[in-house]
Amino acid sequence: MRLRAAIAVACAIGIGIAAYLTYVHFAHVAPVCTTGGCEKVQKSKYAELAGVPVALLGLVAYVVLLALAFVRGINAAFAGVVVAFVGVAFSGYLLWAQLGPIGAICQWCLGNDLTIAVVAALYVVRMLSESDTPA
Amino acid sequence: MERNRLLLLAAAAAAAIVAVVVIVVVAGGGSSTTQPTTTQTTRGGGTEATRTFAGVAQHGATLGKASAPATMYVFEDPQCPYCRQWNIDTLPTVVDNYVRAGRVKLVYRGIQIIGANSIVGISAIYAAGLQGKAWQMAEALYERQGAENSGWITLGVVRQAAGEIHANVAKLVKDMKSDAVLTEMRASAGQAQSLGVQGTPTFGIQKPLGTIEQLQISSLDPSGFTPALDAALS
């Protein structure tokens, strides 16, 4: 129960970050930034996937991960692992884009990277400790 | 049982990596917005900018016929990536379909939104305006845009950009501190304040005998921008 609560808290942080970046995207405003490259990253070609803002995709993923935190059982844990792993892999791709082609770092993206990594780790622990049958 | 779960985790990790690779390849890693980057690499030498503004009247910061019934004020910061995107993706369409047609004239309004370094670029653009090349200068600076507040707008960059647009470089650099340029910068800041400009780019439309009103756009690309402009001009 405490593990799922921790997952929920981490997901809530992720939702906050992704929601803010989604707002910034659609409102055409500059994000609050201390690293100096947020707007450049936000406006790069990597900020969208097939026309959909990656921030919005992240928001959807975190909502799904949060919902799964409230569902007991190994199946929910495994689903959470899959979604979180996809999130980690995609965050890794975006981190590569920031360090390489874009040449700018966005603090919000780094915050998201850390958050999704924590969520994935928590889901892995959950999967290894969850009982086989839904309670 | 523990072993089965570890195998499942390994399979999930592998599937996630494969899924992301497939997504990135199929979706083109954001192919819908690849234009700014690819366009930038093909615009060396200012040839594209020259083509965009060729044959269009320029006076100071104003682009287009003085007799155009409507005026669009374009509030920009040379450090702003959104502004760069609009200039590359949409400005050519606006110039071709609205400015050349005499429906609207554009007035460049440089304002400092991102940082102090923006002032260097804005003054260079207004100084180029004294030679009838403000819009080309803005374009040339966008082509060289670096990270926000990294100090990329140096006098060296200004000279290089000014040379590219075939301006009188020495005069342009000298004019950056002229009264005429300072007056334009103050006027832009005042106009932005009175219009309530919060970010860049922001667009203001003024029709004959009307006041300036902000243009509400759904996106910066032509498909989202031109319908809003059409509605404002109707």
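Let's start with chain A: it has 5 helices and 2 strands. Helices here are DSSP runs of H or I with at least four residues, strands are runs of E with at least two, and both are numbered from the N terminus. Going from the N terminus on, the order in chain A is α-α-β-β-α-α-α.

Quick housekeeping before we go on. This is a predicted model, where local features need pLDDT of at least 70, side-chain atom pairs count only at pLDDT 80 or more, and totals for chains, interfaces and linings use all residues. Residues are numbered from 1 along each chain as its sequence is written, while chains are lettered from A and ligands numbered from 1 in the order in which they are written.

Okay, back to chain A. Of its 135 residues, 50% count as buried. Buried means that 20 or more other C-beta atoms lie within 10 Å of a residue's own; with 12 or fewer it is exposed, and in between it is partly exposed, with the C-beta atoms placed from the backbone. Then contacts: two residues are in contact if their C-beta atoms, placed from the backbone, lie within 7 Å. If you take the contacts in chain A between residues at least 6 apart in sequence, 78% of them join residues at least 24 apart.

Now look at how the helices pack. Helix 1 of chain A, residues 2–27, packs with helix 3 of chain A, residues 54–69, at an angle of about 160 degrees, and their axes are 8 Å apart. Axes are lines fitted to C-alpha atoms, for helices over the stretch in contact, and angles run from 0 to 180 degrees between N-to-C directions. That angle makes helix 1 of chain A roughly antiparallel to helix 3 of chain A; the cut-offs are under 35 degrees for roughly parallel, over 145 for roughly antiparallel, 65 to 115 for roughly perpendicular, and oblique for the rest. The crossing of these two helices is left-handed, a word used if the near helix is turned anticlockwise from the far one by less than a right angle, with clockwise being right-handed.

Who is touching whom? On the helix 1 side of chain A you'll find, among them, I7(A), C11(A), I15(A) and L21(A), and across from them in helix 3 of chain A there are residues including L56(A), L59(A), Y62(A) and L66(A). Sorted by class, this contact of helix 1 with helix 3 of chain A has 16 nonpolar, 4 polar and 1 charged residues. For the classes, Ala, Val, Leu, Ile, Met, Phe, Trp, Tyr, Cys and Pro count as nonpolar, Asp, Glu, Lys and Arg as charged, and the others, Gly among them, as polar.

Helix 3 of chain A also meets helix 4 of chain A, residues 74–102: their axes come within 9 Å and cross at roughly 155 degrees. Helix 3 and helix 4 of chain A are therefore roughly antiparallel to each other, and the crossing is left-handed.

Over to chain B. It has an open sheet of 6 strands in the order 1-2-4-3-5-6, with mixed pairing; strands pair if DSSP finds at least two bridges between them. Strand 1 (58–59) and strand 6 (213–214) of chain B sit at the edges with a single partner strand each, so one side of each has no neighbour in the sheet. Strand 1 and strand 2 of chain B pair in the antiparallel sense over 2 bridges, with Q58(B) opposite L63(B). Helix 7 of chain B, residues 134–142, packs on the sheet and touches strand 1, strand 2, strand 3 and strand 4 of chain B.

So what about strand 4 of chain B, residues 104–110: how many of its residues are buried? That would be 7 of its 7. V104(B), L106(B), Y108(B) and G110(B) point one way from the strand, and K105(B), V107(B) and R109(B) the other way. Strand 2 of chain B (residues 62–63) runs antiparallel to strand 4 of chain B, joined by 2 bridges, and T62(B) stands opposite V107(B). Strand 3 of chain B (residues 70–76) pairs with strand 4 of chain B in the parallel sense over 7 bridges, with E76(B) opposite G110(B).
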